[in-house]
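Biologist: I'd like to learn how to read a model like this one. Could you walk me through it?

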Amino acid sequence: MLLSALDHESFFHAAMATIPSSILIFDERLAVLMANRNFLDKSRSTLEATLGRRLHEIFPTAFQDTALDQQIREVIGSGTTLHRQRMTFRAPGVSLRVYSYSICPLQLHGGARGAILVMDDVTDHLRLGEEVRRMQVHLASIVESARDLIISTDPSGAIMTWNNAAELATGYSQNDMRGRLLADQIEAPQDRDVADCFRQIARIGDLRAVEWPMRCRDGQTIPVSWHLSRMTGTGGEVTGVVVVGRNLVEQRAMEAQMRQAEKLAALGMVIGGIAHEIRNPLGVSSAAAQLMRRGVGSAELIEECIGKVIGGIERASLVVESLLRFARPGPLRETTRVDVAAVLTNALMFASGEAAAGTTVDWKPPPPTRQAYAQGVQNLLELVIINLMLNAFQAMPEGGKLSIELWFDGPEIVIEIGDTGFGIPPAHVSKIFDPFFTTGGGKQRSGLGLSVSHSIVRQHGGSLTVRTAAREGTIFTVRLPAARADKRAVRAVLQVV
Amino acid sequence: MSGVDEPSSAATALVVDDDPDMCRILELALASAGCIATTVGSARGAIALFADHPFPVVFVDARLPDMDGWRLIEDLRRLRPMIRIIMISGYYFEDDVRVAQALQASEIDGFLAKPFRVEAVVAMAAALGAGGHRHPIRSGDDARLTLRQPCCRSPRCFLRT
C-alpha cells in the first residue's frame with residue numbers, strides 16, 4: 001500500500017486509538033496538543049480536560065520527581081530522540097508502578113516544534129522478568145550447590161553447562177569444558193557407550209545408574225554413576241540432555257571398608273578350620289623329620305619321609321599363601337582372569353572348618369580343558385563363595401550335603417552353592433541381601449555377608465539370586481560374565497549394573 | 001616304669017584320620033615302636049573295622065568328614081568300654097577347655113596336638129597298648145602337670161592315668 005493512499009488524519013487517529021501505550025503530544029510551551037485514548041483511560045481524564053493543559057497540570061504529583069519537562073525541552077531544543085527512559089509512579093495507597101518512556105521531536109505546522117511522549121506501563125513486565133531472574137538464580141544456586149555433578153549438553157553431547165561439583169570432582173572448570181564432548185571426558189572403553197548413547201538420544205528416554213569412569217585434570221579417573229534425561233522442546237524435539245552424575249569415590253571407599261571388615265569377620269570365623277588345615281601338614285612334615293632322625297631304616301623309607309617333609313611344608317605354605325591373599329585389601333579396580341574352580345576350592349578350604357560333622361561335599365572340579373575364567377578380583381570372589389558356603393553350613397547344623405556346581409551358560413559362568421538345610425522362610429527371602437539382616441542370633445555373623453556378596457557380584461557385572469524351599473534346602477546362584485579369551489591379565493574396571 | 005620305646009609284642013593300634021599322609025606317618029611312627037597300625041579315613045570305616053578287630057588303642061582325629069571325632073569316641077567306648085583312646089588334632093590345643101574336660105571325664109586317655117613328637121605317640125601306644133606304662137600321679141596335682149613329666153619327657157604327652 002502506498003503511503004499517499006492513506007488518509008493521514010484517519011490513520012493518525014486509528015493508530016492513536018489502538019496503540020497500547022499512552023501518548024501525548026506537546027508544543028514548545030509543554031502544553032498538550034494531543035492525548036490518546038490509552039492515556040485518558042489510565043489518567044481517568046477526558047480529552048477536554050487535558051488538551052491545552054501544561055505538563056505539570058496533567059501529571060500527578062507522584063511523577064514530579066522525574067525531570068520530564070526538562071527532558072522534553074531538551075528533545076525539542078536538540079531535535080534528538082530520547083529512548084527508553086524509566087520513571088516510577090509513587091502514590092500513597094497505590095503499589096509502585098514503573099513506566100518506560102521515549103520522547104521524540106516533532107515538526108508542527110507553521111515551523112513550530114513539539115515533542116511526542118510515548119509511555120508504557122512496564123510494572124508487570126519488570127516484575128515477571130524479576131521473578132524469572134530470581135528463579136534462574138535460585139535454580140543456578142541449586143545446581144551449583146548440589147553435591148552431584150550436573151552437566152547439560154546439546155543433543156550431540158557437547159557440554160553446555162558444568163556445575164561446581166563437576167569442577168570439584170574433576171578439576172576442570174566450566175570454561176575448560178564448554179563445547180567439548182562429554183564422551184571425551186569418559187575413560188575408554190566406556191567412552192564409546194557414551195557416544196552411542198548420544199547418537200541414539202532420540203530413542204533413549206531416561207538412562208539410569210550407568211557407571212562411566214570420568215577423567216580428571218590430574219590424570220586420574222573417578223567412578224561416577226550417571227543418570228541421563230533428555231530435554232525436549234515444545235515440538236517434542238530433543239533440545240539437550242541433562243546429565244547427573246554421582247561421584248562414587250566415597251561410596252567405593254566405604255564399600256571397600258565393609259568388604260575388608262567382612263573378610264576379616266569371615267576369616268575370624270573360619271580360622272579354627274584353617275588352623276587344622278595348616279597344622280595337619282605341619283604334623284606330617286614334623287613327624288617325618290623326627291622319624292628320619294630316629295633312623296627309620298631303609299633308604300626307601302627315608303626317601304618317603306623326605307617326600308612327606310617337603311609335601312607337608314608345601315601344603316601348609318599353600319594354605320598360608322591363600323590366607324594372605326584372601327585377607328589382603330586388594331586393589332579394587334584391578335581385575336585379572338580368575339580361575340573360578342580355584343576360587344571354589346580355596347573357599348571350600350576356608351569354610352569347611354564350619355561344616356558340621358556328617359556334612360558331605362559334592363564338588364567335582366572341571367577338567368583342565370573346561371576351565372572357567374571370570375574377569376574379576378580373586379579374593380572378593382572368594383569372599384562371596386565363602387559367605388555362601390558358611391551360610392550353607394549354618395543351615396545344616398546336623399550335617400547334610402553341600403553341592404557345588406559350575407557350568408557355562410552362553411557368555412556367563414554359573415556357580416551354584418546348594419545345601420540340604422532348613423531353607424529360608426518366605427518372609428525373609430526378600431531381606432537376605434539387606435545389610436545387617438541376620439537370623440544367626442548375632443552369633444559370629446555380622447549380617448553383612450550376603451549384602452556384601454551381592455554388591456561384589458553386581459560389581460563384577462553378574463547377579464546373585466536364591467531359590468529356597470522349606471526343609472529341602474537353599475541354592476544360591478552366582479552368574480558372572482566369563483573373562484575374555486586373551487590370556488594376559490586385562491586391566492578392567494568393575495561395573496555397577 | 002617300663003621302657004617306653006621298647007617294642008611290645010603283638011601291639012596293635014587303629015589310626016582314624018582323613019589325611020592319608022597323616023595316616024601313613026603315624027603308621028611309620030608306630031611301626032618304629034613295634035606297633036602295627038591299621039589306618040582308616042572315616043568314622044564309619046573305623047566302626048566297621050572295630051567290629052572285627054577290637055584294637056586296644058585308637059588314635060582319633062578330632063575332625064572327620066562323616067562324624068565328629070568326639071562322637072566316634074563315644075561310639076567306640078560304647079562298643080568296648082576298656083578301649084584306650086588318644087585324640088590327635090590340629091584343631092584343638094593341649095589347654096583347650098574341651099580337651100581338659102575330656103581328659104577329666106575319661107572320654108579320652110590322651111591328647112596329642114599336631115604337630116606332635118614321635119616319642120609321644122610311641123610312648124602313648126606303648127603305655128596304653130602294651131599295658132606296662134603307667135604314669136605316677138601325685139594327689140592334688142593338676143592332671144596335665146602330673147602327666148607331663150615322668151612319662152616320656154615329651155611336653156606334648158598328656159596321658160591320662
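Biologist: Let me start with chain B. How many helices and strands does chain B have?

Modeller: Keep in mind that this is a predicted model. Chain B has 6 helices and 5 strands. Then look at their order: along the sequence, chain B reads β-α-β-α-β-α-β-α-β-α-α.

Biologist: And chain A, how many helices and strands are there?

Modeller: Chain A has 15 helices and 17 strands.

Biologist: How do I read burial? What share of each chain counts as buried?

Modeller: The idea is to count neighbours: a residue is buried if 20 or more other C-beta atoms lie within 10 Å of its own. In chain B, buried residues make up 53% of the 161 residues. For chain A, with its 497 residues, the figure is 30%.

Biologist: Which residues have the most contacts inside the largest nonpolar core?

Modeller: Those are Ala13(B), Val16(B), Val121(B) and Ala125(B), in a core of 61 residues. Helix H5 of chain B, residues 118-130, supplies the largest share of this core, with 10 residues. There's also a second, separate core of 46 residues, and Leu344(A), Met389(A), Leu402(A) and Ile404(A) are among its members.

Biologist: Can we zoom in on one of those? Which residues does Val16(B) touch?

Modeller: Here you skip residues up to four places away in sequence. Beyond those, Val16(B) touches several residues, including Val40(B), Ala43(B), Ala46(B), Val58(B), Phe59(B) and Leu72(B). Asp61(B), a charged residue, is also on the list of contacts.

Biologist: What about contacts across each chain as a whole? What share joins residues at least 24 apart?

Modeller: Take the contacts between residues at least 6 apart in sequence. In chain B, 66% of them join residues at least 24 apart. In chain A, that share is 59%.

Biologist: Why call H13(A) largely enclosed by the rest of the structure?

Modeller: Because 16 of its 17 residues are buried.

Definitions and conventions
Residues are numbered from 1 along each chain as its sequence is written. Chains are lettered from A and ligands numbered from 1 in the order in which they are written. This is a predicted model: local features need pLDDT of at least 70, side-chain atom pairs count only at pLDDT 80 or more; totals for chains, interfaces and linings use all residues. A nonpolar core is a set of buried Ala, Val, Leu, Ile, Met, Phe, Trp, Tyr and Cys residues joined through C-beta atoms within 7 Å. A residue is buried if 20 or more other C-beta atoms lie within 10 Å of its own, exposed if 12 or fewer, and partly exposed in between; C-beta atoms are placed from the backbone. Helices (H or I, at least four residues) and strands (E, at least two) are DSSP runs, numbered from the N terminus. Two residues are in contact if their C-beta atoms, placed from the backbone, lie within 7 Å.
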